[in-house]
Amino acid sequence: MPRPSPKKTPMREQPPEVRIKNFDEVPYGYSEEEAKEEAKRCLQCKNKPCVQGCPVEIDIPGFIKAIAEGDFWRAIKIIKEKNVLPAICGRVCPQEEQCEKYCTLTKIGEPVAIGRLERFAADWEAQQGEIEAPPKPTPTGKRVAVVGSGPAGLTVAGDLAQMGHEVVIFEALHKPGGVLMYGIPEFRLPKHIVEREVNYVRKLGVKIITSFVVGKTKTIDELLQEFDAVFVGTGAGLPWFMGIPGENYNGIYSANEYLTRSNLMRAYLFPEYDTPIARGKRVAVIGGGNVAMDAARTALRLGAEKSMIIYRRSKKEMPARIEEIAHAEEEGVEFHLLTLPVKYYADENGWVKEMECIRMKLGEPDASGRRRPIPIEGSNFKIPVDTVVVAIGQSPNPLIPQTTKGLEVGRHGNIVIDPKTGKTSRKGVFAGGDIATGAATVILAMGAGRVAARAIDEYLRTGKW
Ligand code: FAD
């Protein structure tokens, strides 16, 4: 076998100067030839270290071998045995922290581009026309309600349907998909792809009811009268603010609102869609995670002349994916590092016009393992802005914990679960994803859905709690 190239097969993408003027997806994806070339880099290790890094345990060498042999049907079949959302995961999973981190090729260079190959297989299947669903299993007569249609809810629902249970998802918004639909922008995850994968879950037999707020329309206790078990996957949609003076001025958004207006409510297609959004010329985004990168890149596409990331630590500590930081830099997003906003100023109409910041230096590592930012006294300075997006984090949605008696809740508003089963303190109620862990990742939410599906199935079969 020839020695594999130390570099990933590159993926073609829209040039930065073109893509900042549109919301189309940035990378084009691999062609069949490129996918085969990349798949041939895989060493087919016997101990499969990459699979240990995948929370949903996809047979990664198996599907890559199929691609290398040009058997794309076999590749997608292998992936879908474990993952109902492959086109999504191939695009947004932090592979560098998961499967690709354990690839043996990292010893000589770059890992196999597992995410790009997963995306290729899923997109290739979609291009063939109808997406295949496995045959329907014999019904068990048991009914499960799933609250929330993000990756955790979709995974648990898909798995339970394939075990023969009747599953109904209740979703508060008018479209299913959770953050995949309302948070992650079109240029990173096109919404027709989310719709395609949600429809696959429907094909497995799952019913999805939208515009249904559990805790308001019906409580968990009411659902327990109609269903044999309930899974709560309501995510972490409650935005944090910094609590600094002036944060209530006009033009200051939570990232959640800013991105929801743009993605779910299509503000970027105004006037075709009549959703208003501030199209600022000088936009500051506070934070250093994926959410912040998404907001800063959205601002550019909405016409900002300057889009700035304001982050209190250095680039090394940024939690965003490396690829997202690189894309933002290529597009001209300015990075103001070791900088913390302390106050906002407004014009006579109450619109934000300036942001006062203080410079920071890094001290010893804190509880998160990252070096603690320390303000440098007397280093305050001002930056003119007309729009600010606060992207410093989110907490779990509080509605269900508040309306469900006996549901144990942790210090940060998270539902307390047994991570091995997803069981909560209420019999028959399971939970998983961001509502249990706090804001995390798509694949971890899916992994939690998979774990809970196994435990729910056992509970339905044995009645044992
Ligand atoms: P969610 O996706 O939040 O879904 C929860 C669903 O429950 C929502 O649809 C909500 O409307 C619904 N809901 C809430 N309350 C109720 C109720 N009372 N009744 C009915 N329905 C309810 N992760 C990555 O891996 N890679 C990325 O690149 C990435 N980028 C991100 C970018 C942004 C802008 C954001 C916000 C997050 C990003 N994440 C990323 C994180 C990832 O999207 C989340 O960790 C993941 O979506 C959590 O899944 P979930 O199913 O737990 O919850």
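Ala, Val, Leu, Ile, Met, Phe, Trp, Tyr, Cys and Pro count here as nonpolar, Asp, Glu, Lys and Arg as charged, and the others, Gly among them, as polar. The structure is a predicted model, in which local features need pLDDT of at least 70 and side-chain atom pairs count only at pLDDT 80 or more, while totals for chains, interfaces and linings use all residues. Residues are numbered from 1 along each chain as its sequence is written, and side-chain values use heavy atoms, with hydrogens and water left out.

The structure holds three cavities of 30 Å³ or more, a cavity being a set of points, on a 1 Å grid over the protein atoms alone, where a 1.4 Å probe fits but cannot get out, and its lining residues having an atom within 4 Å of a point.

| Cavity | Volume | Lining by class |
|---|---|---|
| Largest | about 130 Å³ | 10 nonpolar, four polar, one charged |

Of the 15 residues that line the largest cavity, C54, C93, C99, E118 and I443 are the closest to its centre. The second largest cavity is lined by 13 residues, and C42, C45, C50, C103 and T104 lie nearest its centre. Helices α3 (49–52) and α4 (60–68) each supply at least two residues of that lining.

In helix α2 (residues 32–39), E34, A35, E38 and A39 are buried, that is, under 20% relative accessible area with a 1.4 Å probe and protein chains only. These residues are on the same side of α2 because they cover an arc of only 130° around the axis. What covers them includes α4 and α7 (114–127).

Methods
1 Å grid on protein atoms, 1.4 Å probe; cavity = no way out; pocket = protein on both sides within 12 Å on 5 of 7 lines; lining within 4 Å. Points joined across faces, edges and corners; volume = space filled by probe spheres on them. Helix = DSSP H or I, 4+ residues; strand = E, 2+ residues; numbered from the N terminus. Buried < 20%, exposed > 50% of the residue type's maximum accessible area, 1.4 Å probe, protein only. Arc of directions from axis to C-beta. Contact = heavy atoms within 4.5 Å.
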